[in-house]
Each structure stands twice: as C-alpha cells, then as structure tokens.
Amino acid sequence: MNVIDRRLSVAPMLDWTDRHCRYFHRLISDRVLLYTEMITTGAILYGQKEQLLAFSAAESPVAIQLGGSDPADLAQCARLAEDLGYAEVNLNVGCPSDRVQKGRFGACLMREPDTVAACFTAMQEAVDIPVTIKSRIGVDDEDSYEAFERFIETVAAAGCETFIVHARKALLKGLSPKQNRSVPPLKYHYAHDLKAAHPELTVVLNGGIETVEQSTEQLIHVDGVMVGRAFWNAPWLIRDMHIAMGMGELQRTRDEVLEAYTRYCAQMIEQGVSLHWLIRPILGLYHGMSGNKKWKSYLVTEAPRRKTDVSVISEAREKVKYAH
Ligand SMILES: Cc1cc2nc3c(=O)[nH]c(=O)nc-3n(C[C@H](O)[C@H](O)[C@H](O)COP(=O)(O)O)c2cc1C
C-alpha cells in the first residue's frame, strides 16, 4: 500500500498532468501526491481504457481523478483503478465546462449533494483505497458558507473523510473554464472554517498558491495544499515546498532530475512517444534563471523538428547559465 502524504499535491490538470509530467514530478519529490487529469467514466468504460489508465509504478502514489455521476459506472472505474495500483480515487466536483455540465457532472454536482454522496458510497464500497472529493465552494449564486458546509456534511455523512477545496465558486454560465480559474474571488476562509468546524475531516486547500510562504502558512489552517499552475510554470517549486513542509530530504539536483528524465524520454521515444510531447513538463525547470528563455525556445523549436532525438534536451541545457 502506498503511503499518502496529503500536505502537498499537484492538482489534476487536463492535457498537462499526463503520465510523463507525473514521472517528472516524482523525480523531484518522492512524497508529493500526484493526480491524473480528469478521466470520464464514459472514456474508461467505452473508450481506450488501457491507454487512458496506463501509468508506471515509478509515479506512485498517484490518485486517479474521475469525472462522472453514475454511481455504478464510477464504482466500476474505481475498481479498475485500484486493480491497476492507483493509490486514491478522486471525484471531480469542480469542472465547469459546458461539455461536463451536459454530462451532469463536475461543478454542477455541487447542487446535488445527495448524488455525490451516492457516488461516494458506491465507489468506496467497491475499493479499499481512499475515495476523495475535489469541489468548489459553491456555484453561481449558491455560494454561502452554509450551503458549502451542507454540501460537505452530506458527503461526509456517507463516510468521505478527505475534501480538496478549490476555494472559489464556479460560474456555470458565461465564463470559460479558464476564466473560472481566476475570475471568481478566492475565499480561503471557507476551507479554514470547514476545518475548524470539522477537525475530523482532512481538508486540502487549492487555488492561487504560488509561493513557499503561502503554502506553509496554509498548513496552519488546513491539512494540505494542492498547487496547479504554479507547479506547471515552475516545477522546482515542488521541491522547495516539500522541503519547507518538512517532508524529508531530497537528493537530486535540478540537473540530476533532468538527466533521469532524459533517460525516461529515450525509453518513451522507443515506444513511439514524440519528444515534442515529452518536453512540455520540463519547460519551466529553469524558471527564474539566466538563460531560461533560451532553454525554452530551443526546446520548443527543436523538439518538433527532431521528434526522436533526445539530445535536444542536453543541447537546450547548455543555454542555461547555472552551475548545477
Ligand atoms: C490546464 C488546466 C487543466 C485543469 N484540469 C483539471 C482537471 O482535469 N480536473 C480538476 O479537478 N481540475 C482541473 N483544473 C483545475 C486545477 O486542478 C486547480 O483546481 C486550479 O487550477 C486552481 O489551482 P491553481 O491556482 O493552483 O492552479 C485544471 C486547471 C488547468 C490550469
């Protein structure tokens, strides 16, 4: 059984946190909790399940995030995920996209706490690994703290112990998913108040965390933080937060991480993956350093042209003026 440390996690991000990105993040920190992109139950049950669920044991522990609202389908997918070695199943109750709303899942489920509770129960009865919920703090004008707490209490009554709270509401009409990640204001106090009212629950706060100081400050109020965009832009921040949170020593330098990831890329290229795709998670590795712009532009120019030539990575590294 994988050990899950909830202090720090990388947020699920569609088209970003694929298996290559997770492999790279795991090279940086041996404890950060990694999430898949949201995978819908329909895609798993009627699509290319092997390809969608494939991951390497080296990424563990990994939580799979499911999108769906049919308890039986979710239970079936949760069982498949457990059999494959995922460490946690998470249900998406936060995505506001039109497509997801049409499928009656994601953020619109905040209006249906009983459905979420039924989904939770079906999944948790199907697996031994923990089932968790990632939600918003409300939708549209249903955004009072009381409504949020009622939602959580309903799902907690079904046995759910861990809630990841993206601490802004979702507007289901008129805003794109991208705008829905920045326009509605962050209200961290919803998550803080929830933890204070329900110390028995594990509450992980998500949204707008960009610095080490912000992350450690949040641990005074909640059990953990989940970070998305800031880790994509500057993945080395994972290491800085890991260390600041006392999650253990880390040995690999930035260049050692890069070397290990380059070896992984060579293996993936042999399996037919394009270098163009593999370089995406490492673009921010030298964020804030002299030569960072040249590193990135070399990678994005050369990788599409030389899709199977892993030496593009070491050539790009030459552009960064940094000792180790
Ligand atoms: C490109 C992108 C894709 C995302 N995809 C998902 C997803 O699949 N599931 C999910 O729950 N949230 C998704 N999110 C939302 C993030 O998990 C997170 O809640 C949000 O970005 C706020 O955290 P941050 O401010 O640290 O980025 C996505 C965010 C981005 C930027």
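Trainee: In this predicted model, which side-chain atoms of Arg229 lie 2.8 Å from the ligand, and what kind of ligand atom do they face?

Mentor: A polar contact is a pair of N or O atoms within 3.5 Å. Here, an N or O atom in the side chain of Arg229 is 2.8 Å from an oxygen atom of the ligand. The side chain of Lys134 likewise places an N or O atom 2.9 Å from a ligand oxygen. At Gly228, a polar backbone atom is 2.8 Å from an oxygen atom of the ligand.

Trainee: How many Å² does the ligand expose when taken alone, and what share does the protein bury?

Mentor: The ligand alone exposes 610 Å², of which the protein buries 92%. The space that the ligand takes is the largest pocket.

Trainee: Which residues come nearest to the ligand, and how is the shell divided by class?

Mentor: There are 17 residues around the ligand, and Leu14, Gln65, Asn206, Gly208 and Arg229 come nearest. The shell comprises seven nonpolar, seven polar and three charged residues.

Trainee: Where does the chain backbone have a cis peptide bond, and which residue has a positive phi although it is not a glycine?

Mentor: Most peptide bonds are trans, and most residues other than glycine have a negative phi. In this structure, the bond joining Ser60 and Pro61 is cis, with omega about -5°. Pro61 belongs to the loop between α3 (49-53) and β3 (62-67). Arg104, which is not a glycine, has a positive phi of about 55°, and its place is in the loop between α5 (98-102) and α6 (113-126).

Trainee: Which residues does UniProt list for the domain?

Mentor: An unreviewed UniProt entry lists residues 10-301 as "domain: DUS-like FMN-binding". Over residues 10-301, the chain is 44% helix and 14% strand.

Note on methods
Residues are numbered from 1 along each chain as its sequence is written. This is a predicted model: local features need pLDDT of at least 70, side-chain atom pairs count only at pLDDT 80 or more; totals for chains, interfaces and linings use all residues. Side-chain values use heavy atoms; hydrogens and water are left out. A residue is near a molecule or strand if one of its heavy atoms lies within 4 Å of it. A polar contact is a pair of N or O atoms within 3.5 Å; within protein, one must be able to donate a hydrogen and the other to accept it, and residues adjacent in sequence count only if both atoms are side-chain atoms. Accessible areas come from the Shrake-Rupley method with a 1.4 Å probe; for residues, only the protein chains shown count as cover. On a 1 Å grid over the protein atoms alone, a cavity is a set of points where a 1.4 Å probe fits but cannot get out, and a pocket is an open set with protein on both sides within 12 Å along at least five of seven lines; lining residues have an atom within 4 Å of a point. A molecule sits in a cavity or pocket if more than half of its atoms lie within 2 Å of its grid points. Ala, Val, Leu, Ile, Met, Phe, Trp, Tyr, Cys and Pro count as nonpolar, Asp, Glu, Lys and Arg as charged, and the others, Gly among them, as polar. UniProt positions are given in the numbering used here, feature names are shortened, and annotations may be inferred rather than shown by experiment. Helices (H or I, at least four residues) and strands (E, at least two) are DSSP runs, numbered from the N terminus.
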